[in-house]
Amino acid sequence: MDTTSFCLSFLVVIIIVIIAALALTNRIIFKMALRNFTRRKVQSVIVIAGLMIGTAIISSSLVVRDTMINTFEVDVYRSLGEVDEEIWGTETWTNALYYKYFSESIYDSISRNLTKLPEIDGVAPVIDDNGAVFNLNTMLGEPSAALLGLDSSVMRESSFGDLDGNGYYTDSLAEDEIAINSRLAEDMDASVGDEVQLSYGAKDPDNPMGTSFMKKNFTVAKIILEEDLYGKANYNQRKTIFFELDTLQNLFNRPREINKIWISNKGDYREGEKYTSDVNQTIKEELDNAIGISDLGLDFHSFDGNLVLSSTTTGIFPLQQAGHLLEAAKNSNATVMKGLMVPAITLNNLPIFGLNVMGVVSNDPVGPQIEDNSIYFLESVATTYGITNGSSVEIVTMNLEGIQTQTELQVFILPTEFEGMMPDEIRAVTLGVVDFDTSQYMLHGGAYSELMASFVMVSGLDNVTMDQLKDSVTEEMNEDLDSTILNLEVHELKSDNVEAAREGGEGLGTLFMIFGMFSIIAGVVLIINIFVMLSEERKSEMGMARAVGMKGKHLVRMYIFEGSLYAFVAAIVGALLGLFFGWAIIYAFEYIFQSIEEFGEESFNIPFYFTWTSIFVAFSIGLFITFITIIFASTRISKLNIIRAIRRIPEPRPPRAKKRVIYSGIIVVIIGLFLISMAFSTEDGGYYLAGLPLVILGFSIIAHKWVSIRAAMTAAGLVILFFMFGPIEFSFMEDWDFSGMTSFVFSGVFSVLGAILVVMFNSNILLNGLQKIFGRGKSTRAVLKTAISYPMDNKFKTGMTLGMFALIIFTVTVIAMIASMQASQGDMMLEQQSGGYDIIGVTNPRTPFENLTLETLPPELQNKVDQIEVLSQSIVTIIDYDREEVHITTYGQPIDTAKIEQYQLIGVSESFMENNGYSLLEWDEERYETERDAWNALDDNSSLCIVDGTKLAFSGISVGSPPPDFGGVYIGSKIVITDMGGQNRTRELEVIGIMDQSFFINAIIIKKDVVKNEYGGVDSMFVAKLKSGEDADAVAKEFEKNYLEHGLQTFDMKGIINTILSLSNNIMYLMEGFLGIGLLVGIAGIGIISYRNVIERRQQIGMLRAIGFKKSMVTKSFLIETSFITILAIFLGIILGIGIGWQIYKDGFQDSGVGFVIPWANLLIISVIAYIATLIFTIYPSLKASKIPPAEALRYIE
Amino acid sequence: MAIIKATNVYKTYDTGKIQVKALRGLDLEVQKGDMIAVMGPSGCGKTTLLNCLSGLDDLTDGKVLIEGQDIHAMKDNPRTEYRAKKMGFIFQSFNLLPVLTAVENVELPLLVSGMKTKEAKQKAEKALDLVGLMDWKDHKPSEMSGGQQQRVTIARSLVNDPTIVWADEPTGNLDTKNSLEVMDLLLELNKKNKQTFVVVTHDPAIGKKCKRIIEMRSGVIAKEFSN
């Protein structure tokens, strides 16, 4: 039981104990309450129906939450199986993130220690990579299949176990066989025995940082069904190919290398997550201990009796990593030489292969003294290339990221004695020798970066032997190293995902709860109304009871007893009814998602699920709300004048406000001011929208001392409405957020309050008008008179009823308007989001396009494609921004506190700038007349950029334009970007435009050349416009097929946008439907009131019948009365809803060019349904009443 | 010719569990312009008789002729219309509509009969003037005393110039002074307008003011006196 449930249980127990204690000590009063409760069963049922709806809404929101949490959780369990934690790191390779490979020895070390822990029952080495696969039998393929390498011996002995629940392990596969999951099998229509071709990137034996692209054919030996993989290695439910680990290691040319370690905690796949927090620290410590210098790719070896530290994998390493060696060398007065080999690619524009510029520096005074900006050519090389001493040369070098640097150097010829000192294998690959600093420049292109070295050589030690030095330095380095050096981290995968699942479900439940808030408020109003009515009806009884000696507190108790009985029954029924509403919402959700092709029926099942805790919480909250309301209502109604009560004489209105009223006015003002102060401190405009009306209302209550109540309240209503809808904006509100749910709820509640005050205190104008219009018919005059006089006489009751119904209609109107405006935005959004392109394609960045143009497309595609634009991508980080002007945020957080986020640097060609259809939300209109001019400016100035729409919005693909005032970058912002490879390629960019789309996420768009030449960008993305009539989905698939080797994944852009739009529209309609539950509150409320009116007025009905009212006139009178309230409420609700809808339109839709839409048809249907339903509730009691013989009605005493 | 002629009138209330015989074969004739008092102890059937004679309640058996018309043979609507045009009612508990002012309460029967609002208002004011409440015309019942409320009821009962006025305990909720005032008013109107008054009362002082007194016992007329 969580804290909330515990507190609520405690509260419920307290309530029950208090009620029980009071009942025991006030038995007769309890008996009276019980009798009242059972006195009129139909009425009790209707009252319970009215009271329970608030609880039902809470309950349904919680049930939706439960189901969603369960769905997401099950998905996590299904995906992760036994894996509770993972160890992995990422590396940036040009423009994409990959799991970094590391030595399996780390696994060996970790596994040895971790498996001893009682909380851990499995540790396994894994390779998790991807590749493109193509079925040679069916000619169908998947560009990005997961390649999962598992060690069967480990799997067998640990809790991970087999793959299919039937003893299947990957070690039964032959070298040329694979097992695949059924998801992949379906995709490429594969059967056992089919031959498939796998394209993958293997480690390049010649370049440790490079990748060679390989192809190999395999036979499908086994297809593992999805359901069998449940809780197994169905990791992320991807399309997966399973290998035995060493097969994949050999395939990738990475013997004894892995890129992940799976850890399973004890217990099954559901229970393990509980132990994550216990074991996380131990795993991290073990990981730190396991990492040694060999994992950095560093190794010691001796050369001519000298100790050399060099990189065995990448050829270079950060000099900082040799810190301990350099320190030790210094302490023993050793000679140290640092060297760096930089690959040269051209010499005076002539291509050269396999030769490096070697930068050296030594603390040996007799060593080579090399001038700056000079190169000492090896004599043999100088001869080969015709370089003479004293000349100058131009050399282009390239680093591992492929970034090139051009350097001009003065030529010297290296003295032969130095050349003779070089080992043969070094001499064979050396072009010439430069100063160490110069070599750093040639590696980094002048930008500041970490100093790199290819080797550090130590010789001539005092006191220690080379072996001793090696051992002590190795020990020091190992101790110093932790997992961060390899970028390895322990990921609490399952608990993080389960947490995210819970948050997701919680969020959805909260959304429903907030939307249901109006109905809950309406429900509270209804409860007050019901109890005020009950008290009116029993007034003479209460007077009598008081006359015979019952005190006021006894009456309060009687009502509390009776109310508690209603509250208990209603809370129970409501909580259970919420189950049904919840089920209906889930069903609708599932239907909406399944109706969208892309999700498919099977992949989107939302199994209905709830916990009894939620039902109990709903019961408790419902009970609590009803109970508090009842206490308030009981206290109010028990204050009566005995004689007036017995004789059913209404309480007279005080002519002017008494002190007590003035005090209450002051309290209301204080509460209002407090809420306004909250708006200042939280910048949530919702508090202002609640505070200001209260201040106005409070002052009006005080003013009632000097002016009539009518004048005071009318003025209050008008001023509130003026503030809500008028053009009032103060400068201090500029930064306030008026888009939150608090604003929506309070603007609804208080604008309805304002309107009700105006209407109720000026009802005579309305009444006279109505009588003039409709009172012309012979019989209608009398009917109309009675029908309107009743509601106008009891302004409190009518006001509450009107408010309750108007509030609900208001909400439904606003949501219907948002839904319509969103729907009508569709076509425009389609154009804005797609930029007029039909297909977007993204390749594996390791296999970019080489020369993709319309002309190089295969003929079958050339016929279908009208335009194709290739975009270059690279990954950058924003490291600085214009602090004074810009509050740059990443996902809504100031950048200072946000995690470093990766941004896509997208390079666009001149023709893309000229032809793309992406409109700009904003651009520098002072400098560029049109949007096109802004796009074209990118070509002229490489320090300008255009950013995508998500920079202003939250994350992911958001539907609807981002709010323009969201605190992101804006026109004129200066951002400083840097590359992710540590090369310090920094560049300041000025934002000149913000795209009106959010398809490219976190994108900074600049000139293509810069991305390619300076940031190692590759052509890994394209957008294509098709010839008219071509099926985007089919052409997209054809693209994939043709570029399978590139791992191309394509998307039908318009199809996806349409899917998102229709999903979003349907969810809005679902919300509208959910709010419809609120209508039930209203309808039930009016039904109850009508029913009670009939009972309350029976005697008067008898009199009316006696003086000549026909049966039909009695019925008509009630129907007109109900119609008057319902229609007035619908009218007010719709008018106010349209008012708020207009503000929402101005803030959120107008800029996107959508017209203001009022969904009249929709509103008419809702209004008619609501109206007819209330009439049905009224017809029955009023027909029944009219049929009672007048004498009987006159005799009627309750 | 008798304006009211009741012959062998029976009225039985069936509550499901028990049957209450309120009227047991009652015969009665009332002449036009008469003012009769129906008296008797509680539960003897006085109000039932009034309700049955006026057509507010149905008979179990027997016949009631009003101005020679069998009122119980009429369907509900014509019977209601007949009541609206020919009858006026005064009740013990006044039975004014609390949401209407005095004048609005009085004009209601006229509006029911289809009279235009303006005309109805004038007539209602005249009726209120007749009962001495012109100054109170815009007050609601809750703002008036019991006597004043009953005067409004009287004005309402007379506003449509009825042939018969039925008064059920018209002074039941009033003190002696107010009771006598109300009764004098009724007598004066009876004399002036020649309308027939049937007054149910248990107050002998009130009864004495009527020309004829009928005393009921267990659903039948036990005695009859003339003053």
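**Interface and rings**

I looked at the interface of chain B and chain A, where the rule finds 5 salt bridges (a side-chain nitrogen of Lys or Arg within 4 Å of a carboxyl oxygen of Asp or Glu). From chain B, α2 (76-86), α3 (102-112) and α5 (146-158) each supply at least two residues of the side that touches chain A (helices are DSSP runs of H or I, at least four residues, and strands runs of E, at least two, numbered from the N terminus). I noted the salt bridge between Lys1110(A) and Glu81(B), at 2.6 Å, N to O.

The model is predicted: local features need pLDDT of at least 70 and side-chain atom pairs 80 or more, while totals for chains, interfaces and linings use all residues. Residues are numbered from 1 along each chain as written, chains are lettered from A and ligands numbered from 1 in written order, and side-chain values use heavy atoms, without hydrogens and water.

I checked contacts (heavy atoms within 4.5 Å): 33 residues of chain B touch 28 residues of chain A.

I then turned to the rings. Ring pairs link Phe580(A), Phe581(A), Trp583(A) and Tyr587(A) into a cluster (Phe, Tyr and six-membered Trp ring centres within 6.5 Å; planes under 30 degrees apart are stacked, over 60 edge-to-face, the rest tilted).

Last, I looked up charges over rings (NZ of Lys or CZ of Arg within 6 Å of the ring centre and within 35 degrees of the ring normal). Arg254(A) has its charged end over Tyr101(A), 4.0 Å from the ring centre. For Arg1097(A) over Tyr790(A) I noted 3.6 Å.
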